[in-house]
Amino acid sequence: MSDRTINQQPHGDPQPQPEPGALAPHTHGHGSEPDDFAVQIADSVESFVLAVTEVAKGDEPGSAVSLLLLEVSQLLLAGGRLGAIEDVVPEDRFEPDAGPEPDGEQLRERLAGLLAPIDVYHEVFDPYGPPEKPNAFRISDDLAGVVSELQHGLTHYREGRVSEALWWWQFSYLSNWGTTCTAVLRALQSLIAHVRLDSPIGAAPDGADTDDDGLTDEQLEQQAGDLMAAELGLGR
């Protein structure tokens, strides 16, 4: 079990009353039926997990980027809804044990193989923070990590701990996967824009973590462009 890090209310403490006109904290009792909001969020989460898992199998590599763009966009809509509501207030001070975390290494490896020419992208972590150089990230690492976080909440949801699931999804959206998905979405959208606008994909900057796969930057650029052109049905 882990102690909560935000907005926890120990047993016996009075719950804060919302100000007039404000949204009430989202609550569910143990074993209570999920309301429409909880069902919709859970459906969005499960749809994303299933879709990314299917894409990673590599059965349809020609549509991988387009499908991931759609799925990440839809998940961010659910995340936006979680961010817009008042803080979810679970019943217990301590989070119940959700059991062993699923191993996402196989998913990560499959995505990395599928997206090899375009896996690495660059992003500034905090647009409101001090100026910093862009950091290198991998779409495969990011998506596998997001799936793992979402599955943690799904475990609570399937065990009937609806408030635990919503609390976790809201907290992890605000603290991690919201930022991660936003960065991945920008990378995927940029890939499609480069091809549609016939704009060459630039080579990776010096020192970027692209792994030593024996290819030059020019070859990586050509592979990335060919992959996207084939996916979108465009001749190069």
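How many residues apart in helix H5 are Tyr 173 and Trp 177, and by about what part of the helix are they separated? They are four residues apart, so about one helical turn separates Tyr 173 from Trp 177. The model is predicted.

**The chain**

The protein chain has six helices and four strands. Along the sequence they follow the pattern β-α-α-β-α-β-β-α-α-α. The chain has 236 residues, and 37% of them count as buried. Take the contacts with a separation of 6 or more: residues 24 or more positions apart account for 76% of them.

**Aromatic pairs**

The structure holds six aromatic pairs. A pair of rings is described by the distance of the centres and the angle of the planes. Two of the pairs are set out here.

| Pair | Centre to centre | Angle of planes | Type |
|---|---|---|---|
| Trp 168 and Phe 171 | 6.2 Å | 55° | tilted |
| Tyr 173 and Trp 177 | 5.0 Å | 65° | edge-to-face |

Trp 168 and Phe 171 also lie in helix H5 (residues 162-196). They are three residues apart, so about one helical turn separates them. Both are buried. Tyr 173 and Trp 177 are buried too. Ring pairs also link Trp 167, Trp 168 and Phe 171 into a cluster.

**A buried charge**

Asp 142 is found in helix H4 (residues 139-158). Asp 142 is buried yet has no salt bridge. The nearest side chain of opposite charge is Arg 108, 7.1 Å away. The side chain of Asp 142 does make a polar contact of 2.4 Å with that of Tyr 121. Leaving out residues up to four places away in sequence, Asp 142 touches Tyr 121, Phe 137, Thr 180 and Val 184.

Definitions and conventions:
Residues numbered from 1 in each chain as written. Predicted model: local features only at pLDDT ≥ 70, side-chain atom pairs only at ≥ 80, totals over all residues. Heavy atoms only, no water. Helix = DSSP H or I, 4+ residues; strand = E, 2+ residues; numbered from the N terminus. Buried < 20%, exposed > 50% of the residue type's maximum accessible area, 1.4 Å probe, protein only. Lys, Arg positive; Asp, Glu negative; His and termini not counted. Salt bridge = Lys/Arg side-chain N within 4 Å of Asp/Glu carboxyl O. Polar contact = N/O pair within 3.5 Å; in protein donor to acceptor, adjacent residues only side chain to side chain. Contact = heavy atoms within 4.5 Å. Phe/Tyr/Trp six-rings, centres within 6.5 Å; stacked < 30°, edge-to-face > 60°.
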